[in-house]
Every structure is written in C-alpha cells, then in structure tokens.
Amino acid sequence: MSTNPSRRADRGGSISLDEFILLNEEIRSLIRAGVPLDLGLRGTASRVGGRLSEIADRLARRLEGGASLEDALAAEGDLVPAVYRSLLAAGFRSGRIEEVLGSVSRFAASMRDLSAEIRRMLIYPGAVVVIAYTLFVGLNVYVTPRLMTTYELSRLQTSWWIRVIEMLQATVGWWGPGIPIAAATILLAEWLWSCSTSASARGGGPAAIQPGLLRLIPGFRGVVGNARLARFAHLLSVLTEFEVPFPEALRLSAAGTGDARLILLVERAAKSAEAGQPPDRAIPEGRALPPLLRWLLLLSLAQGTLPSTMRHAADVYEQRALTRAEWIQRLLPSVLVIVLGGGMALLYALSLFLPLQSVWRSLST
C-alpha cells in the first residue's frame with residue numbers, strides 16, 4: 001500500500017528546484033513526442049534516481065489507473081506545487097500544454113540561476129569570517145599564554161587591556177568552539193524553520209525564494225523582493241494568458257511567491273474582484289505591491305494586455321534582482337574584508353603589541 005502523500009511531503013518536503021525542472025522537462029518531452037505519459041514516466045522512473053524516481057513511478061501508476069495528469073500530480077500533495085497543477089490544467093484546457101511547460105521551465109531555470117548567484121555571493125565573505133576567527137582563536141591559544149607568562153615572571157603591573165586579554169585566553173576553551181557551535185545551531189534552526197514554513201507548503205513551489213538569515217545582509221531584502229515580484233508577474237502573465245480566471249490567477253501567483261504580505265493583499269483583491277468591484281478599487285495599495293506594478297496591473301486590465309504587460313514587468317523585476325545581487329556580490333566582500341580584516345588586524349595589534357610595549361617599558365625603567 002502506498003504511503004499517504006501528505007505524510008510523505010511532511011518528511012521529505014517539496015521537491016527541489018532541479019527535480020522540479022527535470023520532471024517538467026520529462027513531461028514536456030513526452031507530450032511533444034506523443035508518447036503516452038504512463039509509459040514515458042515509467043521510463044523516467046527507471047532512468048533517474050532518488051525521490052524523483054519514486055514520484056515518476058507513482059504518477060505512472062495513477063495514469064495507468066485512468067487518472068488525469070492534473071489529478072495524478074494533485075495526489076502528491078505538497079510535493080508538487082499547486083500553481084504548477086493549475087498551469088497544467090490551463091494548458092490542457094487551452095490546447096497549449098507544451099507552451100505552458102516550456103514557460104514553466106524557463107522561469108524555473110531563471111530562479112535557479114538567481115539562487116546560484118546569491119549562494120556564490122556569500123562564499124568569499126564566509127571564507128573571510130572563518131579565516132579571521134580561526135586566526136584570532138590561534139592567537140589566544142598559542143601567543144597570548146606566552147605573553148601572560150612573561151608578565152607573571154617579570155611581575156609587571158597589568159592594565160585593563162591586559163586583564164581583558166588574560167580573560168579571553170583563560171576562557172578560549174569555551175568561546176572558541178562555542179561561537180561556531182552557536183552559529184551552526186542558529187543556521188540549522190533557521191533552515192528547519194524555513195522548511196516547515198516554506199512557500200511550497202502553501203503552493204508556492206521550489207522556486208520560491210526564502211531569505212532566512214540572508215535578510216540580515218544590507219540590500220538583500222531588495223534582491224528577494226524583486227525576485228518575488230518577478231515571479232508574481234510571470235505567473236500572473238502565464239495564468240491569464242491561458243485563460244485562468246483573474247481572481248484565481250491572482251491567488252495562485254501570490255501563493256507562488258511565498259510572500260505572506262502579498263498573499264494577504266492579493267486575497268483581498270481577489271475577493272473584491274469576485275464581488276464585482278472595479279479594478280482600481282479591487283486592487284488596493286500596499287507595501288507588498290509597489291505602485292509601479294499596481295499601475296501596470298490597472299493599465300493592462302483596462303487595455304486588455306495583462307499577459308504581455310506582466311511578462312515585461314517580470315523581466316524588469318528579475319533584472320533588478322540580478323543587478324542588486326551583482327552589486328552586493330561586488331561590494332559585500334570588500335566591505336567585510338575592510339571591517340573584519342581591519343578589525344582583526346587592530347585586535348591582533350592590541351593583543352600582541354600593547355603587552356609587548358608594556359614589557360619593554362617596564363624593563364627599561
């Protein structure tokens with residue numbers, strides 16, 4: 001008997017972005033080649049490994065049992081994003097399923113590139129922090145004890161700075177490993193929290209960006225914010241292009257971003273639109289929806305150009321996210337090197353040369 005999908009999703013979480021792209025491309029290739037999906041997914045299950053193989057096998061079995069692709073994917077629960085299932089339904093309904101799948105792959109790949117850019121951005125600053133901390137611990141383990149021995153043998157008068165150095169050296173066995181362990185614990189807790197409250201659990205899917213502790217980096221909020229707006233505009237463009245009703249398209253597009261504020265704002269807008277209110281009243285202003293994007297929404301609704309306008313808006317916001325990420329990648333390492341490197345150099349100087357200066361002054365008198 002198969003495992004309940006929702007329990008399986010709770011244990012494994014949503015599929016990764018790479019798994020999502022591969023699954024989408026497999027389905028797209030099978031449809032383009034005219035191969036029955038149940039047979040094709042059986043072949044996919046035998047070629048790929050891990051969780052994706054299990055998903056493909058379960059989909060094939062459901063399709064063999066007479067289920068539609070949308071129903072087969074829905075049975076996977078949170079493993080497969082709700083917005084993806086809606087896009088598939090819209091593609092089948094409009095007869096443009098291959099075009100829909102191609103659009104999904106392109107956007108997912110762009111989100112993967114942005115996430116990779118963000119990860120690369122943090123490699124060098126992280127290395128600087130690790131090296132600087134390691135050197136400071138080494139100073140307190142190997143150099144400071146000799147200085148303290150010199151002070152004791154010479155019976156020199158200790159200043160407040162020497163007492164601070166002595167305290168750091170005496171407790172290095174605690175704070176030396178303690179700070180990295182605490183940092184690792186915080187990062188692990190943040191990762192677990194992000195997994196438990198991820199956008200994919202609300203239908204956002206693996207391409208939704210969760211900032212986590214990265215939001216502490218100056219300017220990173222702008223990267224994430226623009227990336228989420230790009231995702232919202234792109235999903236709204238695709239969904240409306242394939243004739244998904246506007247209120248439903250709004251909800252699915254907002255859910256796909258993982259932004260709680262945008263989801264709440266769009267939910268109010270969708271309810272107002274369903275109640276028959278005009279767009280300028282149905283779509284409220286808010287921090288989650290920038291004035292420019294709101295204006296483009298209202299203008300495109302009035303002119304009947306929503307899909308194309310939102311597609312251009314998605315390109316603009318995606319480019320903004322990439323540009324900001326590039327600037328952070330260029331500036332952040334330099335700033336960290338100046339702050340951390342300069343700070344550690346000053347700390348080394350104070351820890352080493354001030355005690356030596358005191359020794360030399362005492363010996364000369």
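This is a predicted model: local features need pLDDT of at least 70, side-chain atom pairs count only at pLDDT 80 or more; totals for chains, interfaces and linings use all residues.
F136 is buried, with a relative accessible area of 9%.

**The aromatic cluster**

Y133, F136 and W175 form one aromatic cluster. How many aromatic pairs does the structure hold? There are two. A pair of aromatic rings is described by the distance of the centres and the angle of the planes. The table gives both values for each pair.

| Pair | Centre to centre | Angle between planes | Arrangement |
|---|---|---|---|
| Y133 and W175 | 6.3 Å | 75° | edge-to-face |
| F136 and W175 | 5.6 Å | 35° | tilted |

Why is the pair of Y133 and W175 called edge-to-face? Its planes are 75° apart, and an angle over 60 degrees counts as edge-to-face. The pair of F136 and W175 has 35° between its planes, so it falls between the limits of 30 and 60 degrees and counts as tilted.

Both pairs reach across the sequence. Y133 sits in helix α7, which covers residues 97-154. W175 sits in helix α9, residues 172-196.

Is W175 buried or exposed? W175 has 15% relative accessibility and counts as buried, because the cut-off for buried is under 20%. Y133 has a relative accessible area of 21% and is partly exposed.

**Two helices in contact**

Next come helix α11 (residues 246-255) and helix α12 (residues 260-274). Their axes come within 9 Å and cross at roughly 175°. That angle makes α11 roughly antiparallel to α12, because the cut-off is over 145 degrees.

Which residues of α11 meet α12? They are P247, L250, R251, A254 and A255. On the α12 side, the residues include L262, I263, V266 and A269, along with the charged-class E267 and K271. By class, this contact has 10 nonpolar, no polar and four charged residues.

**The whole chain**

The chain has 15 helices and zero strands. It counts 365 residues, and buried ones make up 44% of them. Take the contacts between residues at least 6 apart in sequence: 66% of them join residues at least 24 apart. The chain exposes about 19100 Å². Carbon and sulfur atoms supply 61% of that area.

Note on methods. Residues are numbered from 1 along each chain as its sequence is written. Side-chain values use heavy atoms; hydrogens and water are left out. Axes are lines fitted to C-alpha atoms, for helices over the stretch in contact, and angles run from 0 to 180 degrees between N-to-C directions. Helices (H or I, at least four residues) and strands (E, at least two) are DSSP runs, numbered from the N terminus. Angles under 35 degrees count as roughly parallel, over 145 as roughly antiparallel, 65 to 115 as roughly perpendicular and the rest as oblique. Contact means heavy atoms within 4.5 Å. Rings of Phe, Tyr and Trp (its six-membered ring) pair if their centres lie within 6.5 Å; planes under 30 degrees apart count as stacked, over 60 as edge-to-face and the rest as tilted. Buried means under 20% relative accessible area, exposed over 50%, partly exposed in between (1.4 Å probe, protein chains only). Accessible areas come from the Shrake-Rupley method with a 1.4 Å probe; for residues, only the protein chains shown count as cover.
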